[in-house]
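Student: Please take a close look at one helix pair in this model. Then set that pair in the context of the rest of the structure.

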Amino acid sequence: MKQCKDSRRWMNDAVDGDLRPDLTERLEAHLDSCPECRRHMDDLRSLVTAAAGLSSELVPSRDLWPGIEGRLTGVPSSRWPVRSVVLAVAALVVVGFGLSLLRAPTTGPQLAPSADPGIVQAHNRTATLDDVRLEYRQARDELMEVVQARSGEVSPETLQVIENNLALIDRAIDEIEMVLAASPGEGRLDRHLLLAYNRQIELLRWAARMPSRI
Amino acid sequence: MVESPEMRDAQVQVPAGVDDRLLVKRAQRGDTRAFEVLYRTHSKRVYALCRRLCGDMTLAEDLCQETFVRAWTGLASFRGKAAFGTWLHRVAVNAVLGHRRWSDSREDLRAEDLSTVEPYSAAKSETRSSHGLDLERAIAGLPGGARAVFVLHDVEGYRHREISEMTGMAVGTSKAHLHRARRLLREVLR
């Protein structure tokens, strides 16, 4: 029957959502009156649904990493990227020194309580590193909003200095997070990370409070 | 004692809370430890793709390794416009489709030869139904072109246009392979 033949031809496109609306209507009308084609269509839909539902992960029969690692030639093989950490900490020291030369203004917008740079000391005693990380990120977001709201009030040069320093600190945080990922629980790195976050908050706090047109 | 793949995998610690972006940055600077973490995170998905595309367990393991070696080599070209996993998937597809054996190996395997296909080891085997295993075996028994398009389209969710770009086949050819694959699978699974 021609209607059945046409319908079978359209079914795949219909399942994929690619069939023209007028043909979709004709197909649906035919399926309502033809149990054989309806069963065919149901089978097709079941197959497509089952395929989409297959596990996205399968486990190899062996660990493939040693074979891969042996082929990664021509790159540094040192386990600890010591140089990166040294550079990251050096960047923090530079930013910290720069901040110490700035006179903290006494007027400016009120900051949210969580944006207090003293949170490092408080959290060192009681919270996990993850908690501290989260709280710093929240504080950073709040302060960024304040700084962005005031961006029209300060000179472009000052804004540039702030952005450069923020980028430096971001890079330092990235470096330390990466090394921590490879060596969790490394106490000195935890402290460097907290120092980096603290510098960032300090800088943002200063930027949020500075007088207009510096 | 012989370890199961699941046991072996459970011993590998992937640090929580470190996103791919940071790991990729480190790996781009030559840090193989960071790249290993990326491997641990993505290897099961890459292996699943290779396994289904080529239909052969041993070849899939070789191609999975090849994928990560190619990814390492080409990491400098990864700019982060797409997610790392998406980019890696493309590398895997290219590695499989570029391999001469991928289509030759099972082109002559008919649907009734399914009993010869090796069993699968899924990441969460307890959640896998016998219907799922039947389907896996049936997919492995498809002819190369039909299998590749079925896996890319119906399992991985690529569109025909994307499959056309990846494989070099026309959109119409991709559709024809898909329809053939679905017809063969329905016949086998009926």
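Tutor: Start with the residues that meet. From helix 1 of chain A come Gln3(A), Ser7(A), Trp10(A) and Ala14(A). They face Leu23(A), Thr24(A), Leu27(A), His30(A) and Leu31(A) of helix 2 of chain A. Keep in mind that this is a predicted model.

Now the geometry. Helix 1 of chain A covers residues 2-15, and helix 2 of chain A covers residues 21-33. Their axes lie 10 Å apart, and the packing angle is about 120 degrees. An angle from 65 to 115 degrees would count as roughly perpendicular, and one over 145 as roughly antiparallel. Helix 1 of chain A and helix 2 of chain A are therefore oblique to each other. The crossing of helix 1 of chain A with helix 2 of chain A is left-handed.

Step back to the whole of chain A. Its secondary structure has nine helices and zero strands. The order along the sequence is α-α-α-α-α-α-α-α-α. Chain A has 214 residues, and 26% of them are buried. Take the contacts in chain A with a separation of 6 or more: 78% of them join residues 24 or more positions apart.

From the N terminus, the elements run α-α-α-α-α-α-α-α-α-α. Of its 190 residues, 43% are buried. For contacts in chain B between residues at least 6 apart in sequence, 64% link residues at least 24 apart.

Next, the cores. In soluble globular proteins, nonpolar side chains tend to be buried together. The largest nonpolar core here has 58 residues. Within this core, Leu38(B), Cys50(B), Ala92(B), Val96(B), Val149(B), Phe150(B) and Ala181(B) touch the most other members. Helix 3 (35-52) of chain A is among the elements that give two or more residues to this core. From chain B, such elements include helix 2 (20-28), helix 5 (84-97), helix 8 (144-155) and helix 10 (171-189). Helix 3 of chain B gives the largest share of this core, twelve residues. Another core, of 16 residues, lies apart from it and includes Leu143(A), Leu193(A), Leu194(A) and Ile201(A).

Neighbours within four places in sequence aside, Ala92(B) contacts Val46(B), Leu49(B), Cys50(B) and Thr67(B). Cys50(B) is also listed with Ala92(B) among the residues that touch the most other core members.

Gly80(B) gives a view of a loop. This residue sits between helix 4 and helix 5 of chain B. Gly80(B) has 11 other C-beta atoms within 10 Å, so it is exposed. Lys25(B) is 55 residues away from Gly80(B) in sequence, and their C-alpha atoms are 9.7 Å apart.

Last, confidence. The model has an ipTM of 0.77 and a pTM of 0.58. Chain B has an average pLDDT of 79, with 73% of the residues scoring at least 70. Two stretches of chain B score below 50. One is residues 1-12, with nine contacts beyond near neighbours in sequence. The other is residues 104-128, where the model has 43 contacts beyond four places in sequence.

Terms used:
Residues are numbered from 1 along each chain as its sequence is written. Chains are lettered from A and ligands numbered from 1 in the order in which they are written. This is a predicted model: local features need pLDDT of at least 70, side-chain atom pairs count only at pLDDT 80 or more; totals for chains, interfaces and linings use all residues. A nonpolar core is a set of buried Ala, Val, Leu, Ile, Met, Phe, Trp, Tyr and Cys residues joined through C-beta atoms within 7 Å. A residue is buried if 20 or more other C-beta atoms lie within 10 Å of its own, exposed if 12 or fewer, and partly exposed in between; C-beta atoms are placed from the backbone. Helices (H or I, at least four residues) and strands (E, at least two) are DSSP runs, numbered from the N terminus. Two residues are in contact if their C-beta atoms, placed from the backbone, lie within 7 Å. pLDDT is the predictor's confidence in each residue, from 0 to 100. Axes are lines fitted to C-alpha atoms, for helices over the stretch in contact, and angles run from 0 to 180 degrees between N-to-C directions. Angles under 35 degrees count as roughly parallel, over 145 as roughly antiparallel, 65 to 115 as roughly perpendicular and the rest as oblique. A crossing is left-handed if the near helix is turned anticlockwise from the far one by less than a right angle, and right-handed if clockwise.
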